[in-house]
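User: I would like to go through the labels used for this model and see what each one rests on.

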Amino acid sequence: MSASQKKGGLFFRIKRKKDMAKDKLSGAELVIRGLEHLNVSTVFGVPGGAILPAYDPLYDSPIRHILARHEQGAGHMAEGYAQATGELGVVIATSGPGATNLITPLANALMDSTPMLAITGQVASHAIGNDAFQEAYTVGISMAATKHNYLITDASEIPQVLKEAKYIATTGRPGPVLIDIPKDILNQEASWVEPGDLDLPGYKPTLEPNPKMIQQAANLIKKSKKPILYIGGGIIHSKANNELFELATKFNIPVVTTLMGRGAFPDGNELCLEMPGMHGNYTATTSIQNADLLIAIGVRFDDRVTANPAFFAQNAKVIHADIDPAEIGKVRDAEVPIVGDAKSVIKGLIEALGDTQLETKSWISDLKEMKSKFPLSYNQEDKGPLKVPYVLEELQKLTKEEAVVVSGVGQHQMWISQHWNFTEPNTWLNSGGLGTMGYALPAAIGAKTAYPNKLVLALDGDGCFQMTCQELITASTENIPIKIVVFNNGNHGMVRQWQKIFYNSKFSASELTHDTPDYVKLAESMGAIGMRMMEKSDVEKVFNKMLEVNDRPVLVDCVVDPDDMVFPMVPAGGSNDQVIMNTEDLKNL
Amino acid sequence: MSERILSVLVEDKPGVLARVSSTISRRGFNINSLSVGPTNIEGRSKMTIVTELDAVEQVKKQLNKLVNVIKIVELDPSMTIETEVLLLKVSINKDSQTSVIEKASLSNATSVDVGQDFAIFELTGSSKELDKFETLMKPFGIIEMVRGGRIALQSNL
């Protein structure tokens with residue numbers, strides 16, 4: 001039975017009307033009604049004993065439920081939904097293993113500031129703490145993996161807590177919130193009371209920046225000859241890309257976009273230097289080293305950007321704006337700290353700078369020259385094994401529309417960030433902070449659920465794909481036609497690269513094999529179309545075929561060179577002044 | 001590393017203590033002393049945390065991120081009124097009892113229970129005074145001792 005048949009049946013409409021009119025609702029009904037009240041249209045989840053009561057009214061609700069094959073997958077789907085839309089992603093799981101399986105997506109969402117709500121079933125109140133069947137201390141376990149969490153002790157709390165949870169998840173620095181509900185509370189009767197004003201005396205995010213700080217920042221910018229806008233995910237959360245564009249182009253300030261900030265400023269613009277850091281391009285990384293001022297907005301000076309902070313941007317003063325005060329001064333002291341929402345901060349800076357003309361011409365032309373001197377490069381031989389960067393560039397050429405690109409973690413992730421042209425925010429979804437392999441496929445399902453008419457590409461590694469590949473069944477059965485490219489190098493590629501460089505080519509436990517599983521057969525067995533490309537002459541043909549399929553998921557097994565390495569590279573803890581450009585440079589390491 | 005005293009105003013809700021203490025212990029720091037109790041405002045509790053942190057500013061910011069934490073003040077030791085309570089059970093016999101009682105009363109400890117072969121004293125004072133009293137009683141044989149955790153108020157607040 002399809003989802004529409006299920007929801008549209010006369011019987012259910014009558015039953016639903018009756019439910020709405022009831023004086024008393026069960027805790028479970030309050031949960032579903034509360035979610036409807038928050039305008040939640042889609043939830044991802046896996047049912048089980050303790051959460052069963054909630055699945056009963058969910059069946060009758062207009063909310064679409066996507067049945068994942070594993071709670072980790074369900075969690076990443078909710079994240080993908082949230083990352084693509086900027087809105088709350090919702091996941092439901094049962095107690096015990098259901099909840100513990102959610103910990104990875106929760107920790108992932110916390111690291112990447114993704115607004116997410118998890119609802120978990122719990123054993124009955126009287127059994128809590130007694131090692132009951134499928135009991136885990138979910139609130140305790142998830143405490144360090146959420147922005148906040150709740151244990152419900154009375155059904156009447158549910159509407160208000162749901163409202164609070166959404167508010168906390170989506171405001172300030174967004175993040176995941178978990179609500180744990182014991183089974184007896186889901187069955188307990190209570191009245192629906194319209195949620196009231198929120199009483200959160202300890203939660204008051206600062207959105208408007210201090211004007212004095214804005215003025216101080218503007219004064220520093222006016223004096224700067226070599227400024228860099230160091231931009232991250234905060235711009236995307238704040239939906240401040242248009243304001244950023246105005247700030248950069250009006251005052252001629254070059255921009256570097258971190259892994260989480262890709263798409264916040266359009267690649268291809270002459271001011272865009274793209275990604276800096278461990279695998280950033282030479283110019284982006286070096287521009288920070290040469291800058292006299294960093295205008296850091298919505299970034300957290302992550303170690304993948306700074307390498308050894310002692311050598312990071314030694315000649316630069318720092319303006320650091322973030323909505324989270326705990327990020328400011330954490331890694332690098334800022335001459336001008338600004339707490340506030342990125343959009344308000346940038347608007348304030350534009351106003352304070354007025355009609356200032358910055359003397360950045362020679363700085364920009366220096367960087368332009370550097371760019372042409374040190375481009376990203378790869379060597380695709382006509383008859384040689386496929387190289388990921390080549391395949392990516394070909395794929396983007398064939399893709400006519402703006403795609404949502406979702407990635408796993410490792411070599412392929414770095415190559416995508418380097419070689420794909422991102423021009424819009426929310427079109428690049430990846431696990432940046434936690435580095436969660438297995439993110440791509442389920443997150444792509446989440447994104448495609450939010451935007452059924454957009455082209456959603458899961459560009460994954462083979463190691464990553466094998467961690468959550470059962471979700472391909474979810475994509476097929478729920479009719480979510482995503483496109484998956486598995487870059488199959490038969491190895492944990494980044495592990496192999498490090499073993500090659502730092503462990504004397506001792507390839508301990510990094511080999512996966514090229515041909516097991518047979519990805520084409522695996523795709524077919526899971527209700528998707530499987531294709532394979534082995535060499536250069538396959539690429540266009542196979543991708544065109546892939547792009548034609550729109551009625552079911554397609555998977556392309558793209559067999560690539562296992563010995564290819566990601567460059568440039570700055571080893572962990574190294575200095576960004578010493579960028580390794582190629583294998584030749586490794587000899588001097 | 002020197003001792004730092006944090007006075008943390010929190011919502012009186014289940015789990016707050018766990019959230020606060022795990023934020024500190026995440027960095028591998030020990031908490032020297034911690035006390036929690038109600039305040040004059042309904043629904044609000046005050047925690048006094050004594051810890052040795054080298055990154056106290058960062059920990060304060062991270063504690064501030066907790067939804068149930070309302071306000072954090074780091075107390076300046078030179079302007080802080082601090083006190084702690086102690087209960088100490090010491091063994092006594094015919095030979096020692098006079099000496100024990102004399103030393104206790106000179107230390108301003110109050111006897112709260114006396115048995116055939118033991119006495120329990122209560123003492124409120126600075127941590128140093130409590131340490132001193134413990135040292136004084138040690139030779140007589142301390143059977144059991146408990147300290148209540150330091151509480152503090154800034155005198156100019």
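This is a predicted model: local features need pLDDT of at least 70, side-chain atom pairs count only at pLDDT 80 or more; totals for chains, interfaces and linings use all residues.

Analyst: Residues are numbered from 1 along each chain as its sequence is written, chains are lettered from A and ligands numbered from 1 in the order in which they are written, and side-chain values use heavy atoms, without hydrogens and water.

User: Why is A:Tyr503 called exposed?

Analyst: Buried means under 20% relative accessible area, exposed over 50%, and partly exposed in between (1.4 Å probe, protein chains only). A:Tyr503 has 54% relative accessibility, so the residue counts as exposed. A:Tyr503 sits in the loop between α23 (493-502) and α24 (519-525) of chain A; helices (H or I, at least four residues) and strands (E, at least two) are DSSP runs, numbered from the N terminus.

User: What makes helix α14 of chain A largely enclosed?

Analyst: Of the 9 residues in α14 (residues 282-290), 8 are buried, and therefore the helix is largely enclosed by the rest of the structure. Among the buried ones are A:Tyr282, A:Ile288 and A:Gln289. The buried residues of α14(A) pack against β9 (227-231), β10 (255-257), β11 (272-274), β12 (293-297) and α17 (361-373) of chain A.

User: How do you know that A:Arg173 and A:Asp324 form a salt bridge?

Analyst: A salt bridge needs a side-chain nitrogen of Lys or Arg within 4 Å of a carboxyl oxygen of Asp or Glu. In A:Arg173 and A:Asp324 the closest N and O atoms are 2.8 Å apart, and the pair is a salt bridge. It links distant parts of the chain, with A:Arg173 in the loop between α9 (158-170) and β7 (176-182) and A:Asp324 in the loop between β13 (317-322) and β14 (336-339), 151 residues apart. A:Asp324 counts as buried because its relative accessibility is 3%. A:Arg173 and A:Asp324 also belong to a network of salt bridges that includes B:Lys65.

User: What makes A:Arg262 and A:Asp267 another such pair?

Analyst: Their side chains meet at 2.7 Å, N to O, in a salt bridge. A:Arg262 has 0% relative accessibility and so is buried; A:Asp267, with a relative accessible area of 5%, is buried too.

User: Why is B:Glu84 called buried, and what polar contact joins its side chain to B:Ser127?

Analyst: B:Glu84 has 6% relative accessibility, so the residue counts as buried. B:Glu84 lies in strand β5 (residues 80-91) of chain B. A polar contact is a pair of N or O atoms within 3.5 Å; within protein, one must be able to donate a hydrogen and the other to accept it, and residues adjacent in sequence count only if both atoms are side-chain atoms. The side chains of B:Glu84 and B:Ser127 are joined by such a contact of 2.9 Å.

User: Why is A:Asn491 called buried, and what does its side chain reach?

Analyst: The relative accessible area of A:Asn491 is 7%, so the residue is buried. Its side chain reaches the backbone oxygen of A:Asn489 at 3.0 Å. A:Asn491 is in the loop between β18 (483-488) and α23 of chain A.

Terms used. Contact means heavy atoms within 4.5 Å.
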